[in-house]
Amino acid sequence: MKWIVGLGNPGSKYESTRHNVGFMVIDELSRRWSIPVSQSKCRALLGDGHVAGQKVALLKPMTYMNLSGESVRAFLDYYKADLSEAIIVYDDLDTQIGRIRLRYQGSAGGHNGIKSIIAHTGTQIFNRVRMGISRPEPGGDIADYVLSGFAKSEREPLSEMIGYACEAIEHALGHPWESTMGKFNR
């Protein structure tokens, strides 16, 4: 089973913030695949179904960003899932808005959600879709920035980026991650 985890913070207060682009991708996949993400399980909202003949699960941890690993660990344990079948989707300050970067390993790079996943799984090796949110202006507060909404001028690149990430994830359902990286990393 492939399982896609979008990182973010629960609640309407955070719904449209930069830190919630992982949730936005899960919401779009849910819409495209007609898989409701409404079950409360594994400290997350969860939906499962079949896409292109393959069982998939969509996961939105409800633990808040900094504790995302608790939900990932609960899913791994409950479903006896394989971390190599997971795709973690999250915001990335070091990638320009509108762009994505696919990776299969590496450090957390200062991202607390990824730090939590690494701590709870004991590995830095898992598939990732890093969603570009750009950095704030010099001197800007990072915490305030990631919890802020997107500017009107950023909405079109945001929408295109979400669509592109969904295409990459759909491709990964039937192809090795390395092949997906080669096709979708620009």
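Trainee: Why are Arg-32 and Glu-28 said to be separated by about one helical turn?

Mentor: Arg-32 and Glu-28 are 4 residues apart in helix α1, so about one helical turn lies between them. Helix α1 covers residues 21-33. Helices (H or I, at least four residues) and strands (E, at least two) are DSSP runs, numbered from the N terminus. A word on the basis. This is a predicted model, where local features need pLDDT of at least 70 and side-chain atom pairs count only at pLDDT 80 or more, while totals for chains, interfaces and linings use all residues. Residues are numbered from 1 along each chain as its sequence is written, and side-chain values use heavy atoms, with hydrogens and water left out.

Trainee: What makes Arg-32 and Glu-28 a salt bridge?

Mentor: The rule asks for a side-chain nitrogen of Lys or Arg within 4 Å of a carboxyl oxygen of Asp or Glu. In Arg-32 and Glu-28, the closest N and O atoms are 3.0 Å apart. That value is within 4 Å, so the pair counts. By this rule, the model has 10 salt bridges.

Trainee: Why is Glu-28 called buried?

Mentor: Buried means under 20% relative accessible area, exposed means over 50%, and partly exposed lies in between (1.4 Å probe, protein chains only). Glu-28 comes to 19%, so it counts as buried.

Trainee: Which residues does Glu-28 contact, leaving aside its neighbours within four places in sequence?

Mentor: Ile-162 and Cys-166. Contact here means heavy atoms within 4.5 Å.

Trainee: Is Cys-166 buried or exposed?

Mentor: Its relative accessible area is 0%, so Cys-166 is buried. Cys-166 sits in helix α5, residues 155-172. Not counting residues up to four places away in sequence, Cys-166 touches Val-25, Glu-28, Leu-29 and Arg-32.

Trainee: How many disulfides does the rule find?

Mentor: The count is 0. A disulfide is a pair of cysteine sulfur atoms within 2.5 Å.

Trainee: How do you know that the length of helix α2 agrees with what it should span?

Mentor: The expected span is 1.5 Å times one less than the number of residues. Helix α2, residues 68-79, has 12 residues, so it should span 16 Å. Its end C-alpha atoms are 17 Å apart, which agrees.

Trainee: Which residues of α2 are buried?

Mentor: Ser-68, Gly-69, Ser-71, Val-72, Phe-75 and Leu-76.

Trainee: Why are the buried residues of α2 said to line one face of the helix?

Mentor: Seen down the axis, they fall within an arc of 160 degrees, so they line one face. The arc is that of the directions from the helix axis to the C-beta atoms. Their cover includes β1 (2-6), β3 (44-51), β4 (54-61) and α3 (112-121). Take Ser-71, which is buried at 0%. Leaving aside neighbours within four places in sequence, its contacts include Cys-42, Leu-59 and Thr-63.

Trainee: Why is strand β7 called largely enclosed?

Mentor: Strand β7 has 8 residues, 125-132, and 7 of them are buried, so the rest of the structure largely encloses it. Two strands pair if DSSP finds at least two bridges between them. Strand β5 (residues 86-92) joins β7 by 6 bridges, running parallel. Strand β6 (residues 100-105) pairs with β7 over 5 bridges in the antiparallel sense. There, Arg-103 stands opposite Arg-128.

Trainee: What makes Ala-52 exposed?

Mentor: Its relative accessible area is 80%, so Ala-52 is exposed. Ala-52 lies in the loop between β3 and β4. Its phi is positive, about 50 degrees, although Ala-52 is not a glycine.

Trainee: What meets in a salt bridge with Arg-135?

Mentor: The side chain of Asp-94, at 3.0 Å, N to O. Asp-94 lies in the loop between β5 and β6 and Arg-135 in the loop between β7 and α4, so the pair ties together parts 41 residues apart in sequence. Asp-94, at 47%, is partly exposed. Arg-135, at 45%, counts as partly exposed too.

Trainee: Which residues do salt bridges that share partners join into one network?

Mentor: Glu-28, Arg-31, Arg-32 and Glu-170.
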